[in-house]
Amino acid sequence: MNRPDLRAAQQAVTAAESQLSLQKANAKMDITGTFGLFHTAAASSGSFFYSMPLPIFNRNQGEIARAQ
C-alpha cells in the first residue's frame, strides 16, 4: 500500500469527488433576509425583506457535468 502511483490515483479520485460536491453546492441558491425596526416620533414600524435569485437557466449544470 506504499505505492506512489496507487496513492496518487486515490488522491485524484478524492479530489474529483470533492470538486463534484463543490459544484453541486454552488448550484443551490442563497436566500438573504433583513429586518428593520423604525421608530419615528410616536410611531414604530417594522419591515422584513428577503431576496433570492431566480435560477431559470443557470443552475451550474455545465460545471457539474464537467466535474463528473
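Q: Which residues does Q23 touch, leaving out those up to four places away in sequence?
A: Q23 touches N60, E63, I64 and A67, where contact means heavy atoms within 4.5 Å.

Q: And where is Q23, and is it buried or exposed?
A: Q23 is in helix 1, residues 4-26. Its relative accessibility is 9%, so it counts as buried. The cut-offs are under 20% relative accessible area for buried, over 50% for exposed, and partly exposed in between, with a 1.4 Å probe and protein chains only.

Q: Before I go on, what kind of model is this?
A: This is a predicted model, in which local features need pLDDT of at least 70, side-chain atom pairs count only at pLDDT 80 or more, and totals for chains, interfaces and linings use all residues. Residues are numbered from 1 along each chain as its sequence is written, and side-chain values use heavy atoms, with hydrogens and water left out.

Q: What's the mean pLDDT, and where is confidence lowest and highest?
A: The mean pLDDT of the protein is 86, and 99% of its residues reach 70 or more. pLDDT is the predictor's confidence in each residue, from 0 to 100. Confidence is lowest in helix 2, at a mean of 81, and highest in strand 2, at 92.

Q: OK, what's the secondary structure?
A: There are two helices and two strands, in the pattern α-β-β-α along the sequence. Helices (H or I, at least four residues) and strands (E, at least two) are DSSP runs, numbered from the N terminus.

Q: Is the whole thing spread out or a compact globule?
A: Spread out: the radius of gyration is 23 Å, well over the 11 Å that the globule rule gives for 68 residues, so the protein is more spread out than a compact globule. That radius is taken over C-alpha atoms, and the globule rule is 2.2 Å times the number of residues to the power 0.38. Along its principal axes, the C-alpha trace spans about 75 × 30 × 10 Å.

Q: How much of it is buried?
A: Buried residues make up 9% of the 68 residues. The accessible surface comes to about 6,100 Å², and 60% of that belongs to carbon and sulfur atoms. Those areas come from the Shrake-Rupley method with a 1.4 Å probe; for residues, only the protein chains shown count as cover.

Q: Which residues form the nonpolar patch on the surface?
A: M29, I31, F35, L37, F48, Y50, M52, L54, I56 and F57 form it, with about 1,300 Å² of accessible area together. Strand 1 (32-40) and strand 2 (43-51) are the elements that give two or more residues to the patch. Patches are made of residues with over 30% relative accessible area and no salt bridge; like charges are joined within 9 Å, and nonpolar side chains (Val, Leu, Ile, Met, Phe, Trp, Tyr) within 5 Å.

Q: Take F48, then. Why does it count as exposed?
A: Because its relative accessibility is 57%. F48 is in strand 2.

Q: What about S47, what does it touch?
A: S47, also in strand 2, touches T34, F35, G36 and F38, not counting residues up to four places away in sequence. S47 and F57 are 10 residues apart in sequence and 31 Å apart in space, C-alpha to C-alpha.

Q: Switching topic: how many salt bridges are there?
A: Two, taking a salt bridge as a side-chain nitrogen of Lys or Arg within 4 Å of a carboxyl oxygen of Asp or Glu. D5 pairs with R3, the closest N and O atoms being 2.9 Å apart, and R66 pairs with E63, also at 2.9 Å, N to O.

Q: Where do R66 and E63 lie?
A: Both lie in helix 2 (residues 61-67), three residues apart, about one turn of the helix. R66 is exposed at 60% relative accessible area, while E63 is partly exposed at 31%.

Q: Last one: what's the phi of A41?
A: Near 55°, a positive value in a residue other than glycine. A41 lies in the loop between strand 1 and strand 2 and is exposed, with a relative accessible area of 72%.
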